[in-house]
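Dear colleague,

Please find the structure below, together with its sequence.

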Amino acid sequence: MSAPGENLRIDSARLWDSLMQMAQIGPGVAGGNNRQTVTDSDAEGRALFKKWCDEAGLTMGVDQMGTMFMTRPGEDPDALPVYVGSHLDTQPTGGKFDGVLGVLGALEVVRTMNDRGIKTKHPIVVTNWTNEEGARFAPAMLASGVFAGMHTLEYAYGRTDLEGKTFGAELERIGWKGDEEVGARKMHAYFELHIEQGPILEAEDKTVGVVTHCQGLWWLEFTLTGKEAHTGSTPMNMRTNAGLAMARILEMVQEVAMAAQPNAVGGVGQMQFSPNSRNVLPGTVVFTVDIRTPDQKKLDRMRAEIETRAAEICAELNVGCAVEPVGHFDPVTFTPELVERVRSAAEKLGYTHRDLVSGAGHDACWAAKVAPTTMVMCPCVDGLSHNEAEDISPEWATAGTDVLLHAVLETAEVVE
């Protein structure tokens, strides 16, 4: 066995062409994508991905969560596979690269191996996890969470979207509910390539992010209950205003996050007013607080303070307050040996790099519960993601995938 030389590179044009073809499925309204999980567009994207995998000689398995596992066999039938992947689902106003780069970059690794006739001891499994985004069905990273034993299958199937449709029924409707038991597969290692979704790499002119940790996260869904009343004829001192309580809680979340600096964030990205009429005070307000930090103790303190102070704010305004955690994972430390392989690959290939802590959650966070895991990141323009204007360059995509290729081959063990 010998490590591939620095001249081994992926087919940059083929990778970019695949990214652009996938972006045509589920187009957004402003140049990005709306390919939310278990929609018809998701099914169409899956079918195109399967077609490409078939052409690359991969064998498909699909589990009961709809996750696609596309296998390139290894030379040792007893060797556990190296899994490489991410997700094809997007936000409602998502970009072309979030998640998709990791799936199609993994496919490009296999295509390059096929081109060069490279054989490995361990099988390689290109993976498309279902519902990583959590935009339609909370929580995020749902399928990988079930795989890692963090959620039950029944819990996942019962998750509902804003229209009351369940995840399980929608997965079956689009025809991608598999028979394979979720989590039955064993992994030798897991790699995930992703765009940074932050501004650090571009700002520092680094081409590759070597991901050492992933932030912990809580999504806390608040339901505030006030009294619907006319906004024009109800005196200010006689209102039970759930909207006002929400506003004060949002300001409080900002204070808590700023007081927890450095390396802590908090905010609200989704809210619903009911009845959502211009001249009616809301009877119910539902919103989700998102807090993150790589420090476990700090994460716990932030959650406790937010819940305590929110209850006090609501009590002062005579507003009902209920809180339900709808997403969570603890901070993750990725496997040092695999992290070093990513770093060494970047150095061997001549790409500038730096260590990173991922600010976003990824399927790798749950995979790390069951197997050695790490991530590779490439820059994105202005750090913008979860936005249709999300953009990367072909050169960045190539560099990240080149590094992925070399780290995966070292782990899968090339056979002469």
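Conventions

This is a predicted model, in which local features need pLDDT of at least 70 and side-chain atom pairs count only at pLDDT 80 or more, while totals for chains, interfaces and linings use all residues. Residues are numbered from 1 along each chain as its sequence is written, and side-chain values use heavy atoms, with hydrogens and water left out.

Annotated binding site

An unreviewed UniProt entry places the feature "binding site" at His87, Asp98 and His194. UniProt positions are given in the numbering used here, feature names are shortened, and annotations may be inferred rather than shown by experiment. These residues are spread over 108 residues of sequence yet cluster in space, with a largest C-alpha distance of 9.8 Å.

Asp98 lies in the loop between strand E3 (82-87) and helix H3 (100-116). Helices (H or I, at least four residues) and strands (E, at least two) are DSSP runs, numbered from the N terminus. Asp98 has a relative accessible area of 4% and is therefore buried; buried means under 20% relative accessible area, exposed over 50%, and partly exposed in between (1.4 Å probe, protein chains only). Leaving aside neighbours within four places in sequence, the contacts of Asp98 (heavy atoms within 4.5 Å) include His87, Glu133, His194 and Gln197.

His194 is placed in strand E6 (residues 189-195) and counts as buried at 1% relative accessibility. Among the residues that His194 touches, not counting those up to four places away in sequence, are His87, Asp98, His362 and Cys378.

Two polar contacts involve the Asp98 side chain: one with the side chain of His194 at 3.0 Å, and one with the side chain of Gln197 at 3.2 Å. A polar contact is a pair of N or O atoms within 3.5 Å; within protein, one must be able to donate a hydrogen and the other to accept it, and residues adjacent in sequence count only if both atoms are side-chain atoms.

Two further buried residues

Asn33 is in the loop between helix H1 (12-23) and H2, and is buried with a relative accessible area of 0%. The side chain of Asn33 reaches the backbone oxygen of Ala23 at 2.9 Å, and a polar atom of that side chain lies 3.0 Å from the backbone oxygen of Gly26.

Phe334 lies in the loop between strand E14 (332-333) and helix H10 (336-349) and counts as buried at 2% relative accessibility.

On a 1 Å grid over the protein atoms alone, a cavity is a set of points where a 1.4 Å probe fits but cannot get out, and lining residues have an atom within 4 Å of a point. The lining includes Thr37, Asp42, Arg46 and Trp129.

The unreviewed UniProt entry also places the feature "domain: Peptidase M20 dimerisation" at residues 215-315. Over these residues the chain is 38% helix and 34% strand, with end C-alpha atoms 32 Å apart.

Yours sincerely

Terms used:
1 Å grid on protein atoms, 1.4 Å probe; cavity = no way out; pocket = protein on both sides within 12 Å on 5 of 7 lines; lining within 4 Å.
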